[in-house]
Amino acid sequence: MPHLGDPTRRRLLQILAPGQGLTTTALAGSVSKRLDATLKHLVNLRGAGLVVTAENPQDGRRLLYRLAPAIPVTKTATGWEMDFGYCLVRC
């Protein structure tokens, strides 16, 4: 299980909470990390079953990353809540 205390991984999950699929390039820009560093975090999150990938319909060479459908996400008055079963992340 990846360490959710890592600020980059936590931020990636927060960015993906609204449900929009994003490319690695877009996510790297959002977390101010190099592409390879962002990809390393995404691979760990995907291996843990926290994110899933799908082919980008606009560019079949790139993948879109989304929060895994098994993770309940709730819109609140102050943002989003993600329930991982062992912890609740608010953003």
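**Figure 1. Packing of α2 against α3 in the predicted model.** α2 and α3 pack at an angle of about 105°, and their axes lie 9 Å apart. An angle of 65 to 115 degrees counts as roughly perpendicular. α2 and α3 are therefore roughly perpendicular to each other. From α2, the contact takes T24, T25, L27, A28 and V31. From α3, it takes L35, T38, L39 and L42. By class, six of these residues are nonpolar, three are polar and none is charged.

**Figure 2. The buried face of α2.** T24, L27, A28 and V31 of α2 are buried. Seen down the axis of α2, these buried residues fall within an arc of 105°, so they line one face of the helix. Their cover includes α1, α3 and β2. Just after α2 comes S32, with a positive phi of about 55°.

**Figure 3. The crossing of α1 and α3.** The two axes come within 10 Å and cross at roughly 70°. α1 and α3 are therefore roughly perpendicular to each other. T8, R9, L12 and L13 make the contact on the α1 side. On the α3 side, the residues are T38, H41, L42, N44 and L45. The contact of α1 with α3 has four nonpolar, four polar and one charged residues.

**Figure 4. The largest nonpolar core.** This core holds 19 residues. L13, L16, L27, I71, M82 and F84 touch the most other members. The elements giving two or more residues to the core are α1 (7-16), α2 (24-31), α3 (35-47) and β2 (63-67). With four residues, α1 gives the most. In soluble globular proteins, nonpolar side chains tend to be buried together.

**Figure 5. Surroundings of L16.** L16 is one of the core residues that touch the most other members. Leaving aside residues up to four places away in sequence, L16 touches L22, L27, V51, Y65, R66 and L67.

**Figure 6. A77 in the loop between β3 and β4.** The loop that holds A77 lies between β3 (73-76) and β4 (79-83). Is A77 buried or exposed? A77 has a relative accessible area of 89%. Exposed means over 50%, so A77 is exposed. A77 and L22 are 55 residues apart along the chain, and their C-alpha atoms are separated by 24 Å.

How values were computed:
Residues numbered from 1 in each chain as written. Predicted model: local features only at pLDDT ≥ 70, side-chain atom pairs only at ≥ 80, totals over all residues. Heavy atoms only, no water. Core = buried A, V, L, I, M, F, W, Y, C linked by side-chain atoms within 4.5 Å. Buried < 20%, exposed > 50% of the residue type's maximum accessible area, 1.4 Å probe, protein only. Contact = heavy atoms within 4.5 Å. Arc of directions from axis to C-beta. Axes fitted to C-alpha atoms, helices over the stretch in contact; angles between N-to-C directions. Parallel < 35°, antiparallel > 145°, perpendicular 65-115°, else oblique. Nonpolar A, V, L, I, M, F, W, Y, C, P; charged D, E, K, R; others polar.
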